[in-house]
Amino acid sequence: MSRISRRGPTATAFEMGLREYARTPVLLALLVFLPAYFVGVLVFLLPDSPVPVEVAGRGTVTLPSSQLYGILLVPLMCALVGGIAGLFLMLTARDADGRLAVAGYRPAQLLFARVGLLAVAAAVAAAVSLAVLSVEVVPDRLGWFAVASVLAGLTYGLVGALAGLVLSRLAGVYLLLFAPMVDVFFFQNPIVSDPHWLASSLPGHYATAVAVDAGLSASVAFEPLGRAVLYLGAVSVVTAVAYYRTIRLG
């Protein structure tokens, strides 16, 4: 019995992707070094000047700016790492997936394997960011905060995969470097009392809202969490359609 038949094609493609991660030092540095460096340095350098923040269940509270931006940094790093990982994963795997489809793999099996790899990237980025952040700041609801951060990373991971299917490498890199920063740090910043109308349409909106609630209060509203999952589902559908079209057209 062949190895593929024992493990299943999705598990085999997922395992091959993990080995590709391990053989790519730049990707490992992206997953581990980038979140540790940014969260560690920025939390250390940010001033402790007080800022008023609207927090679910607590009303308006005054917090050190280092605490607020430390909480925002984790979903931001997950979105940044997830987006870049999704972009390069699809750029490198697109041609190989076409050959695997000809060899008998179904596109759905390959797509599930790629989404699994993006989930691993988002989880690693969240774990590293949280470990560094916890030296200075510990989120009130750590579990929900981790879930929200992984959701942000996986959503942007699929946005990155979609960019890898429809954009050039350079355009995709520019998009995935700037979009998470502008989305999470500026449009979703809780100190902005009158956010721009576009804020609720961006990929980081609902996941960041859950992360802020979980990071700064003892209560987590389930409505934004559900909307974050629905948003992830919508991005998954769009990415899957683009992926199928790419595989079919070769």
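Searching the whole structure turns up 5 aromatic pairs, where rings of Phe, Tyr and Trp (its six-membered ring) pair if their centres lie within 6.5 Å, with planes under 30 degrees apart called stacked, over 60 edge-to-face and the rest tilted. Keep in mind that this is a predicted model, so local features need pLDDT of at least 70 and side-chain atom pairs count only at pLDDT 80 or more, while totals for chains, interfaces and linings use all residues. Residues are numbered from 1 along each chain as its sequence is written, and side-chain values use heavy atoms, leaving out hydrogens and water.

One of the pairs is Tyr-37 with Phe-38, edge-to-face at 5.8 Å centre to centre and 90 degrees between the planes. Ring pairs also bring in Phe-33, giving a cluster of Phe-33, Tyr-37 and Phe-38. Tyr-37 counts as partly exposed at 43% relative accessibility, and Phe-38 is partly exposed too, at 29% (buried is under 20% relative accessible area, exposed over 50%, partly exposed in between, with a 1.4 Å probe and protein chains only). Tyr-174 and Phe-178, by contrast, are stacked, 6.4 Å centre to centre with 10 degrees between the planes. Both sit in helix 7 (residues 169-187), 4 residues apart, or about one turn of the helix; helices here are DSSP runs of H or I, at least four residues, numbered from the N terminus.

Now for the interior. A nonpolar core is a set of buried Ala, Val, Leu, Ile, Met, Phe, Trp, Tyr and Cys residues joined through side-chain atoms within 4.5 Å. The largest one has 61 residues, and Val-53, Leu-133, Phe-145 and Leu-216 touch the most other members. Helix 4 (residues 65-102) supplies the largest share of this core, 17 residues. Apart from it lies another core of 12 residues, including Met-90, Ala-113, Leu-165 and Ala-242.

Leu-165 also turns up beside Thr-239, a residue of helix 9 (residues 222-249). Leaving aside residues up to four places away in sequence, Thr-239 touches Leu-158, Ala-161, Leu-162 and Leu-165, contact meaning heavy atoms within 4.5 Å. Is Thr-239 buried or exposed? Thr-239 counts as buried because its relative accessibility is 2%.

Finally, which residues line the largest cavity? They are Leu-151, Thr-155, Pro-203, Tyr-206, Ala-207, Ala-228 and Tyr-231. Helix 6 (142-166), helix 8 (205-216) and helix 9 each give two or more residues to that lining.

How values were computed
1 Å grid on protein atoms, 1.4 Å probe; cavity = no way out; pocket = protein on both sides within 12 Å on 5 of 7 lines; lining within 4 Å.
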